[in-house]
Amino acid sequence: MKALVFLGSRRKSSPPLPARLGARVSAFLLAQLGNRFETTLVDPLDYPPTDIFKPAFAYSEQAKPSHLSSLESLVRQADAYVMVSPEYNHSMSPALSDLLNHFPSSAFAFKPSLIATYSSGQWGGTRAAVSMRTFLAELGCIPVSAMLHFPHADQVFEQDGKLALSQDETRWVSYSKRGTEQLYWWAAAASHQRTVADPFAASPAFTRTPSERNSPEW
Ligand SMILES: Cc1cc2nc3c(=O)[nH]c(=O)nc-3n(C[C@H](O)[C@H](O)[C@H](O)COP(=O)(O)O)c2cc1C
C-alpha cells in the first residue's frame, strides 16, 4: 500500500514562531505510517504557486508542466492519502487546498484519506478538520472516521517530529494508530475492490465541464 502525506504549509514567517510546524507533524505521521505503508511526503514548497491558477487537467498532455505531471502520477498511483493541515482562520490551509485543486477528482477517487490537523493553539485545528471532510469527499478520497488533531504542536513535537520528552508517547502513538489503522483497512479494501470492478465504469470521471455534475433540472 502506498500513502502520500501532504504537508499543508509553505509558511516562512516570523511571527508566528517557530516556522512550519507542519514539518514536525508530517515527520511524526510518516513514522507512524511506516509499518503499514510505503510513504511519500508531498511538500508544497516543491510545487510553488504560479501567478495564475491553471489546473493540471487544463493543459494538453504535451504542455503540462513536468512537476504537475509527476505529482499527478504519484496521486494516481497512491492507495491512500494523509492530509496534514494547520488551521488558518478556522479553515484548512490555502497551501493545501491550492495544491489539491490542481488535480482532477478522478486521480484521488475510490481511495481513503486521513485528516490530520494541528495548531499552535489549544484546538488542534478541529474547525479546519470539519470543513476538510466536505472538501475531501468531493475529491472522492473519502475521509475515514478517525481524525487526528495536534494542539500546541510546537510543544508536542521536537523539530525532527519526535515527541517532546514531556509527552506521553504511548498515548500519542495509540491515538494516531486509530487513524492510520482505519486508513490501512480502507486502503486495502479499496485496492482489492478496484481489481474486481473498475469504479469508473459505473461512475465515469468528469472530463469536460463542471456542469457534468448538474442535476437534470439544470
Ligand atoms: C494566517 C494565519 C491564521 C491562523 N489561524 C489560526 C486559527 O484559526 N486557529 C488556530 O488555532 N491557529 C491559527 N493560526 C496559528 C497556526 O496554528 C500556527 O501559526 C501554526 O504554526 C501554523 O502551521 P505552520 O507553522 O505549519 O504553517 C494561524 C496562523 C496564521 C499564519
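This is a predicted model: local features need pLDDT of at least 70, side-chain atom pairs count only at pLDDT 80 or more; totals for chains, interfaces and linings use all residues.
**View 1. R11 reaches the ligand through its side chain.** An N or O atom in the side chain of R11 sits 2.7 Å from an oxygen atom of the ligand, so the pair falls within the 3.5 Å limit for a polar contact.

View 2. For Y118, look at the side chain: one of its N or O atoms is 2.5 Å from a ligand oxygen. With N89 it's the backbone instead, where a polar atom lies 2.8 Å from a nitrogen atom of the ligand.

**View 3. The shell around the ligand holds 15 residues.** Coming nearest are S9, R11, Y88, N89 and Y118. By residue class, the shell splits into six polar, five nonpolar and four charged.

**View 4. The largest pocket has a volume of about 430 Å³.** Zoom in on its centre and you'll find F57, F103, P104, S105 and R213 lying nearest, out of 16 lining residues.

**View 5. Helix 5 gives the most to the lining of the largest pocket.** This helix spans residues 126–139 and supplies three residues to the lining. Sorted by class, the lining of the largest pocket comes out as eight nonpolar, four polar and four charged residues.

Definitions and conventions. Residues are numbered from 1 along each chain as its sequence is written. Side-chain values use heavy atoms; hydrogens and water are left out. On a 1 Å grid over the protein atoms alone, a cavity is a set of points where a 1.4 Å probe fits but cannot get out, and a pocket is an open set with protein on both sides within 12 Å along at least five of seven lines; lining residues have an atom within 4 Å of a point. Grid points are joined across faces, edges and corners, and a volume is the space filled by probe spheres set on the points. Helices (H or I, at least four residues) and strands (E, at least two) are DSSP runs, numbered from the N terminus. Ala, Val, Leu, Ile, Met, Phe, Trp, Tyr, Cys and Pro count as nonpolar, Asp, Glu, Lys and Arg as charged, and the others, Gly among them, as polar. A residue is near a molecule or strand if one of its heavy atoms lies within 4 Å of it. A polar contact is a pair of N or O atoms within 3.5 Å; within protein, one must be able to donate a hydrogen and the other to accept it, and residues adjacent in sequence count only if both atoms are side-chain atoms.
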